[in-house]
Amino acid sequence: MSVGDVAKPRGTERDNGTHPAVATAAVPERLSLGVAARLARYLQVLTKAKKEGKETISSQELSSFTQVNSTQIRRDLSGFGKFGKRGVGYNVDGLVSQIRKILRTAGQHNIALFGAGHLGRAIASSDVFADHGFRVVAIFDADPDKVGTSVGALQIRDVATVRQVVEDEDIVVGVLAVPSAAAQPLADQLVAAGVKIIFNYSESLLRVPPEVTVHTSSPAVDLLYALYFYLT
């Protein structure tokens, strides 16, 4: 079982006597897109492994779940410090913490979710965001019959209150699980309220200022990407 560059740094202590401490290097001001994308994929696998009670993981195991070459994984991680122990693997809990620091996602980040239909309710009840430190703190819908009803512990709010809720709840991410026709007006409201990150589940091509980041999740695009590699 091969793992990364994992020799214990001289002068470090053991963390609670259970696994080698991690000696991290200085994080660059801005990661390249490739490195950031791969670290996020490693974090997804590690977070799942942590939930399942797994204590260590090898670079080969990370490779099998991320489809990233194990040599590349070791290279990526060694660029930020010394991780793991040869013949044992990477400590899952420690590596989760360190990658979150590298990606600057440590702590909790609040989400406003738009759309209380089937997709919105599925997102609200899923652990997909919570596992990575994101918490849905507000749900909005334009349907007056839904406003005031509850999804779990959250009461559905009127979209007219977006600006005030963003300020009161310290919202950093807006998630759009709405029909395409509704997506752009809601994105405009989020931008006006100061939100800089929008996760878009609609097929709408959103127009936002350059300082706002939009990620559009499209199953069709993902399938086309997978099909390309299947056919070539």
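Tutor: Start with the overall fold. The protein chain has eight helices and 13 strands. These are DSSP runs numbered from the N terminus: helices are H or I with at least four residues, strands are E with at least two. The model is predicted, so local features need pLDDT of at least 70 and side-chain atom pairs 80 or more, while totals for chains, interfaces and linings use all residues. Residues are numbered from 1 along each chain as its sequence is written, and side-chain values use heavy atoms, leaving out hydrogens and water.

Student: How many residues are there in the protein chain, and what percentage is buried?

Tutor: Buried means under 20% relative accessible area, exposed means over 50%, and partly exposed lies in between, with a 1.4 Å probe and protein chains only. Here, 38% of the 232 residues are buried.

Student: Is Ser204 buried or exposed?

Tutor: Ser204 has 13% relative accessibility, so it counts as buried. Ser204 sits in the loop between β12 (197-200) and β13 (213-216).

Student: Which residues does Ser204 touch?

Tutor: A contact means heavy atoms within 4.5 Å. Leaving out residues up to four places away in sequence, Ser204 touches Ser180, Ala183, Gln184 and Thr216.

Student: What share of the contacts in the protein chain joins residues 24 or more positions apart?

Tutor: Among contacts with a separation of 6 or more, the share is 60%.

Student: Now the helices. At what angle do α1 and α2 pack?

Tutor: Axes are lines fitted to C-alpha atoms, for helices over the stretch in contact, and angles run from 0 to 180 degrees between N-to-C directions. Helix α1 (residues 33-51) packs on α2 at about 105°, with the axes 10 Å apart. That makes the two roughly perpendicular. The cut-offs are under 35 degrees for roughly parallel, over 145 for roughly antiparallel, 65 to 115 for roughly perpendicular, and oblique for the rest. Arg41, Tyr42, Val45 and Leu46 of α1 meet Leu62, Phe65 and Thr66 of α2.

Student: How do the axes of α2 and α3 cross?

Tutor: Helix α2 (residues 59-66) and helix α3 (residues 70-78) have axes that come within 8 Å and cross at roughly 110°. They are therefore roughly perpendicular too.

Student: Which residues meet there?

Tutor: Ser59, Gln60, Leu62, Ser63 and Thr66 in α2 meet Ser70, Ile73 and Arg74 in α3.
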